[in-house]
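User: I would like to learn how to read a structure feature by feature, with the general idea given before each case. Could we begin with how a residue is classed by its accessibility?

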Amino acid sequence: MQSAAYRAGYLNEKEIAALTEKGAVGDICTYVINANGQICDPELDARTMVVPLDIIRKKTRIGVACGESRVECICAAIRAEIINVLIIDEETAGYVIERLK
């Protein structure tokens with residue numbers, strides 16, 4: 001699982017492994033989500049200071065990503081309507097289209 005929270009040092013390898021076992025595919029706006037865009041770990045979510053998703057969904061939400069490793073998270077964000085504008089490269093777009101079919 002790709003995670004900005006891990007790269008920033010907020011989550012360790014053990015926590016990432018546990019989240020992956022719960023179906024995590026990535027994070028967006030610090031929410032760790034599964035393939036359907038649902039929050040993967042409500043306990044972790046409760047400890048995280050973030051803008052609530054219901055408020056995020058009321059605005060224009062731009063997702064920017066690149067690379068095959070981000071496809072699952074991109075698709076999850078689309079399925080859950082977390083993003084409504086997507087900026088990606090052509091190759092990644094092809095992977096996303098295939099995955100969403």
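Analyst: Aspartate 41 counts as buried, because its relative accessibility is 15%, and buried means under 20% relative accessible area, exposed over 50% and partly exposed in between, with a 1.4 Å probe and protein chains only. This is a predicted model, in which local features need pLDDT of at least 70 and side-chain atom pairs count only at pLDDT 80 or more, whereas totals for chains, interfaces and linings use all residues. Residues are numbered from 1 along each chain as its sequence is written, and side-chain values use heavy atoms, with hydrogens and water left out.

User: With which residue does aspartate 41 form a salt bridge?

Analyst: A salt bridge is a side-chain nitrogen of Lys or Arg within 4 Å of a carboxyl oxygen of Asp or Glu. The partner of aspartate 41 is lysine 22, and the closest N and O atoms of the pair are 3.1 Å apart. Since lysine 22 sits in the loop between helix 2 and strand 1, while aspartate 41 sits in the loop between strand 2 and helix 3 (42-46), the pair ties together parts that are 19 residues apart in sequence. Helices (H or I, at least four residues) and strands (E, at least two) are DSSP runs, numbered from the N terminus. Lysine 22 is partly exposed, with a relative accessible area of 46%, whereas aspartate 41 is buried.

User: How many salt bridges does a search of the whole structure find?

Analyst: The search finds 3 salt bridges. One of them joins glutamate 72 to arginine 99, with the closest N and O atoms 2.5 Å apart. Glutamate 72 belongs to helix 5 and arginine 99 to helix 6 (residues 90-100), so this pair ties together parts that are 27 residues apart in sequence. Glutamate 72 is partly exposed at 24% relative accessibility, and arginine 99 is partly exposed at 45%. Another salt bridge links glutamate 98 with lysine 101, where the closest N and O atoms are 3.1 Å apart, and lysine 101 counts as exposed at 72% relative accessibility.

User: Is serine 3 buried or exposed?

Analyst: Serine 3, in the segment before helix 1 (4-7), counts as buried, because its relative accessibility is 3%. A polar atom of its side chain lies 3.2 Å from the backbone nitrogen of alanine 5. Beyond its neighbours within four places in sequence, serine 3 is in contact with Leu11, Ile16 and Asp27.

User: Which residues make a nonpolar surface patch?

Analyst: Patches are made of residues with over 30% relative accessible area and no salt bridge, where like charges are joined within 9 Å and nonpolar side chains (Val, Leu, Ile, Met, Phe, Trp, Tyr) within 5 Å. Ile62, Val64, Val85 and Ile87 form such a patch, of about 370 Å², and strand 3 (62-64) and strand 4 (85-87) are the elements that give two or more residues to it. Isoleucine 87, placed in strand 4, is partly exposed, with a relative accessible area of 48%.

User: Where is cysteine 29 found, and what is its phi?

Analyst: Cysteine 29 is in the loop between strand 1 and strand 2, and its phi is positive, about 55 degrees, although it is not a glycine. Threonine 30 lies in the loop between strand 1 and strand 2, and its phi is near 70 degrees, a positive value in a residue other than glycine. Cysteine 29 is partly exposed, with a relative accessible area of 45%, and threonine 30 is partly exposed, with a relative accessible area of 45%.

Methods
Polar contact = N/O pair within 3.5 Å; in protein donor to acceptor, adjacent residues only side chain to side chain. Contact = heavy atoms within 4.5 Å. Areas by Shrake-Rupley, 256 points an atom, 1.4 Å probe, with all protein chains shown as cover.
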